[in-house]
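Welcome to the tour! Open your viewer, get ready to select things as you go, and follow the stops below.

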Amino acid sequence: MNYEIVMGLEVHVELATQSKLFCSCSAHFGAEPNENVCPACSGMPGSPCVLNKKAVELGITAALLTNCEVAKVMTFDKKNYFYPDLPSSYQITQLFAPICTNGRVDIETSLGKKSITLKQIHIEEDAGKLVHDSRTGTSLIDFNRTSVPLIEIVSNPDFREAEEVTAYLEKLRSLLSFAGVSDCKMQEGSMRCDVNISARPAGSDTLGVRTEIKNMNSLKAIAAAIEYESNRHIEALKTGNEVLVQETRRWDDTKGMTFSMRGKEEAADYRYFPNPDIMPVVISAEWIEAVRASLPESVEDKLTRLMETLGLPEYESKIITASKTLSDIFDEVTKHFDKNPKEVANWIIVELLSIAKGDNKGADDIKINGEMFAKLIEMVENKTINRNTGKKLLIEVLNNGIDPVKYVQENQLGMVSDTSTIEAAIAEVLAANTKTVDEYKGGNQKVFGFLVGQTMKKLGGKADPQVINQLLVERINAN
Ligand code: ZN
Ligand code: MN
């Protein structure tokens, strides 16, 4: 018998607001532990809750991007459970009237195009973070993240393959990050995904026993966890050796396995009730239209602009628009150097990305001054420096924020363009390598590169390799 896998996703995304959801504490990631805490977000009874308007607007933005119906009135509820990093013992969330419902996200995989339907998106507050100290065997609590605004995007069980899940998460990431809803960094926890998974005989329309996998912080981990859990479910159904129970399971990336965490709760277990501290929020049609009108360039529009207006090839355009960070760098550099967008794309894709990769960083971790990057590319383009010097300068711009124009002057890195200097260097190289020259004349083309390299070395790496090539050939043939 054949089995099919059925999955639904719950994706939590941290909203890119300055402050938290119900107080004015900073929502910024990376502060010292417990630096951003006040009575409201540390759960002191009776603290006032003031809803963050920006969080609601980012929620409306997410609704528009995912084709959801925005609620006319939304309310907040309390979801009760005790956990050490949740100081109030309840999470403020939306159960009865979430910000929006019934959405759709279109994805494309090797299996073709597909629409994933959404049940709803709701706004809620994040919990804090437990930091386990294995040295002392204690756990410490960091409340900086408590009450940071989140949206939870709940899909219907429309996924059948891991590839669809990855495509959907990538699509959400690009939609939301380009619109400024969130930076969607999985490794920093600003985008987190829980997968509800079950198996059933192919063709059946009832759902099997479902488990929920948590604790995955990369697309790779998600794909691996789905693979593991799918096999476990199918194996259990086939052999009857294991009884599947509805539960929450933790993914262990090092062991490559899921482990039972706790029995899965139903909504009733949380004793949801309306939060009397926050008034219902009326979302008018005018407000929605104002948010729609202020949306920045979408990722689709950007792709079209790169390909059609700037004439970049599809491949390059897709790499640049796969990351909000890269795409911002591209815009910033071309703002300062607009003569050759194709060359700017090459510098970003070939040079910048490989430096980042060497430093174990992804595209989204790159921070670079676009104006300085532009100056550097311009100097290579107008032959003030050669490409190799340009590559070295890029590392300096990236790591030390240098001004490449000044740096080239101060370190005399300008290209040697004086032909007589290059010819003198060539003469020395040819005199010192007569055997190699004979090999070349005898038909061994490969040694030519060696001669170019030796000449370049004599010129401190600062000449135009094409000029060396040309003069070298002339000189050898003249002899
Ligand atoms: Zn606070
Ligand atoms: Mn949630």
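At a metal site, donors are N, O and S atoms within 2.8 Å of the metal. Keep in mind that this is a predicted model.

**Stop 1: the metal.** Select the manganese ion (ligand 2), then show His 12, Glu 124 and Glu 152, its protein donors. Now colour strand S1 (residues 3–14) and strand S7 (residues 112–125): His 12 lies in S1 and Glu 124 in S7, so the pair ties together parts that are 112 residues apart in sequence. Are His 12 and Glu 124 buried or exposed? Both are buried.

**Stop 2: the core.** Next, select Val 11, Ile 153, Tyr 168, Leu 169 and Val 195, which have the most contacts inside the largest nonpolar core, a set of 61 residues. Helix H1 (residues 53–65) gives the most to this core, with 7 residues. Zoom in on Val 11: among the residues it touches are Ile 151, Glu 152, Leu 172 and Met 191.

Stop 3: Finally, find the second largest pocket, with a volume of about 1,500 Å³. Which of its 42 lining residues are closest to its centre? Select Arg 173, Ser 174, Thr 321, Ala 322 and Ser 323 to see them. Then colour helix H2 (162–178), the source of the largest share of the lining, 6 residues. Colouring by class shows 13 nonpolar, 12 polar and 17 charged residues in this lining.

Methods
Residues are numbered from 1 along each chain as its sequence is written. Chains are lettered from A and ligands numbered from 1 in the order in which they are written. This is a predicted model: local features need pLDDT of at least 70, side-chain atom pairs count only at pLDDT 80 or more; totals for chains, interfaces and linings use all residues. Side-chain values use heavy atoms; hydrogens and water are left out. A nonpolar core is a set of buried Ala, Val, Leu, Ile, Met, Phe, Trp, Tyr and Cys residues joined through side-chain atoms within 4.5 Å. Buried means under 20% relative accessible area, exposed over 50%, partly exposed in between (1.4 Å probe, protein chains only). Helices (H or I, at least four residues) and strands (E, at least two) are DSSP runs, numbered from the N terminus. Contact means heavy atoms within 4.5 Å. On a 1 Å grid over the protein atoms alone, a cavity is a set of points where a 1.4 Å probe fits but cannot get out, and a pocket is an open set with protein on both sides within 12 Å along at least five of seven lines; lining residues have an atom within 4 Å of a point. Grid points are joined across faces, edges and corners, and a volume is the space filled by probe spheres set on the points. Ala, Val, Leu, Ile, Met, Phe, Trp, Tyr, Cys and Pro count as nonpolar, Asp, Glu, Lys and Arg as charged, and the others, Gly among them, as polar. Donors are N, O and S atoms within 2.8 Å of the metal (3.2 Å for Na, K and Ca); water is not among the atoms, so sites may look incomplete. Lists of a residue's contacts leave out its neighbours within four places in sequence.
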